[in-house]
Amino acid sequence: MAELFKRQVYDNIHGHITLNRVEARILDTPYYQRLRWIRQLGFSFYVYPGATHTRHAHALGVLHVMHRILTSIGKASPDEKFFNPASRYETTQFNRMMRLAAMLHDVGTFPFSHTIELAYINHWKEQQRSKSNKSEANHEVLGQHIILNTDFEGGITKILKEEGIDPVELSTVISGRSKNVLSNQLMHSDVDADRMDYLLRDAHFTGIKLGVYDIDFLIRALTVEKVKGQEVLCVREDAMNVVDSFLVSRYFWYSQIISDGTSYKFDLIAAKIHQYFLENGLAYSFDHLKDKVSQNPNEYFTFNDSYFLAKLHEYLAGRITHPMIRELSEMLANRIAPAQIKAGPVKPTLIQSDEHRKDVIRQVNAAHDWLKAQLSEIDPTAWMIFDIPTKDVTFTKNLERVLLDTQRDGKVIDSHLLRDPAKILTREGEVKLLIEMPNSVLKILSQYRNFLPRIYVSPSTLAKLEAKGVIEKMNSMQF
């Protein structure tokens with residue numbers, strides 16, 4: 001019998017996690033070790049001091065949850081095959097592929113996670129106007145590049161090939177664009193391994209229990225059913241309420257902890273500072289990250305939280321002259337929160353349709369322009385950070401939006417083969433969308449989205465605006 005390879009690590013959320021050989025090899029690369037030095041929730045630890053957990057631990061947690069799901073739905077390989085490096089059975093390879101997708105889905109994460117990524121995305125949008133950028137700038141594009149283009153000693157591509165894993169197929173699974181619907185669902189859907197881990201992990205480390213749900217009940221309720229010859233991940237009808245609970249928990253978690261005016265204000269400040277670095281050639285451009293840095297494992301390793309902090313410290317030492325960025329740097333370093341203006345239409349709003357959203361955005365933009373003009377008269381040197389989210393906080397897509405997703409490239413896709421919506425296997429053996437179930441609360445809640453526009457100014461600027469009656473006037477105006 002071939003010798004099995006097992007390595008164990010201990011996780012404080014899931015307990016012991018056992019790795020096979022290819023996973024252990026990837027774990028030891030600078031590409032993966034770098035994730036130890038990237039905080040999962042950006043600057044959330046400024047508000048929740050315990051939220052210093054990392055992408056490293058989260059990715060291992062997703063790997064573990066993925067294996068539990070595969071076991072529950074009958075897609076896991078027996079240990080004697082899975083941990084045998086020479087085994088190439090189809091089930092074993094699928095099991096390995098999905099666990100590696102879970103493990104590597106964040107390999108392209110930016111410093112402070114989505115915080116600094118926001119700077120790259122905003123900078124990319126500015127470059128789009130001048131058509132000077134090469135490719136879209138986000139962690140998924142960077143991660144895919146690393147998986148596909150590091151075929152050298154110490155590179156992930158080389159390890160994958162040596163262990164019989166196709167990097168191209170793996171990258172499509174991670175991106176949620178595989179031809180296999182089940183693979184896409186396991187990685188990117190309303191009920192996926194990623195969400196299952198981070199809701200519990202983030203709740204544990206922040207101490208806020210809004211994201212808590214019954215993971216054991218949810219995983220046991222998962223099953224696979226065929227729709228037009230494709231295997232689809234479903235939840236049994238008798239456990240439908242646990243999916244409702246899971247999606248409601250995620251909605252309130254994002255609304256309270258991630259997206260509203262708690263720690264996000266510091267994330268926006270950090271993103272604004274790093275965007276200044278990018279615009280002035282003071283930080284790695286995205287193209288340079290792809291073309292140069294990612295090809296050097298040790299250099300890529302240094303692109304972590306410390307990379308941003310080192311630049312912040314350098315400019316705090318007196319080498320920066322831009323007044324706004326200087327003030328923002330001092331505020332971030334000393335945890336001085338900006339003041340949020342929640343006046344007029346610039347406040348959290350429940351959105352009920354795309355037309356409603358467009359109308360609210362029009363009002364918010366008009367209010368911002370008016371406020372900006374008022375501020376320029378009061379203090380021309382004052383700064384303002386304006387943020388309209390590209391995505392709203394949703395329970396899940398409603399039926400109208402799902403039907404739009406069924407029409408792509410001139411083709412009509414069966415809604416039950418879409419990647420994202422949660423599916424229910426009814427007691428009669430029929431597959432239905434969760435939002436089609438008459439007794440699901442998500443059928444109603446899916447009609448609403450939480451739209452969270454933000455305007456931040458310095459505390460002294462807010463005092464000036466209030467003294468001049470600007471905020472009071474803003475509240476009384478129709479935009």
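Colleague: Before we look at any helix pairs, how are the axes and angles defined?

Modeller: The axes are lines fitted to C-alpha atoms, for helices over the stretch in contact, and the angles run from 0 to 180 degrees between N-to-C directions. Please keep in mind that this is a predicted model.

Colleague: Good, so at what angle do α11 and α13 pack, and how far apart are their axes?

Modeller: Helix α11 and helix α13, which covers residues 240-259, pack at an angle of about 50°, and their axes are 11 Å apart. Angles under 35 degrees count as roughly parallel and those from 65 to 115 as roughly perpendicular, with the rest between them being oblique, and α11 and α13 are therefore oblique to each other.

Colleague: Is that crossing left-handed or right-handed?

Modeller: The crossing of α11 and α13 is left-handed.

Colleague: And which residues meet there?

Modeller: From α11 come Arg195, Met196, Tyr198, Leu199, Asp202, Ala203 and Thr206, and they meet Phe246, Arg250, Trp253 and Tyr254 in α13. Sorted by class, the residues of this contact between α11 and α13 are seven nonpolar, one polar and three charged.

Colleague: What about α3 and α11, how do they pack?

Modeller: Helix α3 (residues 55-72) and helix α11 (residues 193-206) pack at an angle of about 125°, with 8 Å between their axes. That angle makes α3 oblique to α11, and the crossing of these two helices is right-handed.

Colleague: Which residues make that contact?

Modeller: On the α3 side they are Ala57, His58, Gly61, Val62, Val65, Met66 and Ile69, and these meet Ala193, Asp194, Met196, Asp197, Tyr198 and Arg201 in α11. By class, the contact of α3 with α11 has eight nonpolar, two polar and three charged residues.

Colleague: What does Ala193 touch, leaving out residues up to four places away in sequence?

Modeller: Ala193 touches Val62, Val65, Met66, Ile69 and Leu186.

Colleague: Switching to strands, how do β1 and β2 pair?

Modeller: Strand β1 (residues 7-11) pairs with β2 in the antiparallel sense over five bridges, and the two form a hairpin with three residues between them. Within this pairing, Arg7 stands opposite Leu19 in β2. Strand β2, residues 15-19, is mostly covered, since four of its five residues are buried.

Colleague: And in what order do the strands of the open sheet with β14 run?

Modeller: The order is β5-β14-β7, so that three strands form the open sheet with antiparallel pairing, and β5 (339-340) and β7 (385-387) stand at the edges, each with a single partner strand, so one side of each is left without a neighbour in the sheet. Strand β14 (residues 454-457) pairs with β5 over two bridges, and Gln340 stands opposite Tyr456 in β14.

Colleague: Last topic: what is the phi of Lys228, and where does this residue lie?

Modeller: Phi of Lys228 is near 50°, a positive value in a residue other than glycine, whereas most residues other than glycine have a negative phi. Lys228 lies in the loop between β3 (222-227) and β4 (230-236), and Lys228 is exposed, with a relative accessible area of 68%.

Technical notes
Residues are numbered from 1 along each chain as its sequence is written. This is a predicted model: local features need pLDDT of at least 70, side-chain atom pairs count only at pLDDT 80 or more; totals for chains, interfaces and linings use all residues. Side-chain values use heavy atoms; hydrogens and water are left out. Two strands pair if DSSP finds at least two bridges between them. Angles under 35 degrees count as roughly parallel, over 145 as roughly antiparallel, 65 to 115 as roughly perpendicular and the rest as oblique. A crossing is left-handed if the near helix is turned anticlockwise from the far one by less than a right angle, and right-handed if clockwise. Contact means heavy atoms within 4.5 Å. Ala, Val, Leu, Ile, Met, Phe, Trp, Tyr, Cys and Pro count as nonpolar, Asp, Glu, Lys and Arg as charged, and the others, Gly among them, as polar. Buried means under 20% relative accessible area, exposed over 50%, partly exposed in between (1.4 Å probe, protein chains only).
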